[in-house]
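Please look over the sequence and the model before reading the notes.

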Amino acid sequence: MNMITFMIALSLALSIALTALNFWLAQMTPDSEKLSPYECGFDPLGSARLPFSIRFFLVAILFLLFDLEIALLLPLPWATQLQAPTITLTWTSILILLLTLGLVYEWIQGGLEWAE
């Protein structure tokens, strides 16, 4: 049996086993919270025209910013194996410093405080 056939068979068997295990172990007793279409914590019977707090958007933007930072820093271990990795490390240090200063600024301004 060659390696490709073995890997495909192993992947298929593992997928089927995990799916069957999920159906076997899953709880099938729904309650009122699980059946509710609203999962954001707001009252579903209130007005739909109430504005969202700006803090929701701030948290979302901060999450996207730091998620983008991780995506930009992922190839760094391979970039340090270049002939002259000092430029790469300099730009990486500048990026991390800039994002850290932005986070400290938000923290000092109180933008990360959820409850006032």
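This is a predicted model: local features need pLDDT of at least 70, side-chain atom pairs count only at pLDDT 80 or more; totals for chains, interfaces and linings use all residues.

Contact here means that heavy atoms lie within 4.5 Å of each other. With that cut-off, what covers the buried residues of helix 3 includes helix 5, residues 86-109.

**The chain as a whole**

- The protein chain holds five helices and zero strands.
- In sequence order, its pattern reads α-α-α-α-α.
- Of its 116 residues, 6% count as buried, where buried means a relative accessible area under 20%.
- The accessible surface of the protein chain comes to about 10,600 Å², and carbon and sulfur atoms account for 72% of that surface.
- Among contacts in the protein chain with a separation of 6 or more, 47% are between residues 24 or more positions apart.

**Helix 3**

- Helix 3 runs over residues 54-73 and has 20 residues.
- From its first C-alpha to its last, helix 3 reaches 29 Å, close to the 28 Å expected at 1.5 Å a residue.
- Which residues of helix 3 are buried? They are Arg55, Leu62 and Glu69.
- As background, an α-helix has 3.6 residues a turn, so residues three or four places apart point the same way.
- On the other side of helix 3, Ile61, Phe63 and Leu64 are exposed, where exposed means a relative accessible area over 50%.

**Glu69, a buried residue of helix 3**

- Glu69 is located in helix 3.
- Why does Glu69 count as buried? Its relative accessibility is 14%, and the cut-off for buried is under 20%.
- Not counting residues up to four places away in sequence, Glu69 touches Ile96 and Leu99.

**Thr92, a buried residue of helix 5**

- Thr92 has its place in helix 5, the helix that is among the elements covering the buried residues of helix 3.
- At 13% relative accessibility, Thr92 counts as buried.
- With neighbours within four places in sequence left aside, Thr92 is in contact with Leu73 and Leu76.

Key:
Residues are numbered from 1 along each chain as its sequence is written. Side-chain values use heavy atoms; hydrogens and water are left out. Helices (H or I, at least four residues) and strands (E, at least two) are DSSP runs, numbered from the N terminus. The expected span of a helix is 1.5 Å times one less than its number of residues. Buried means under 20% relative accessible area, exposed over 50%, partly exposed in between (1.4 Å probe, protein chains only). Accessible areas come from the Shrake-Rupley method with a 1.4 Å probe; for residues, only the protein chains shown count as cover.
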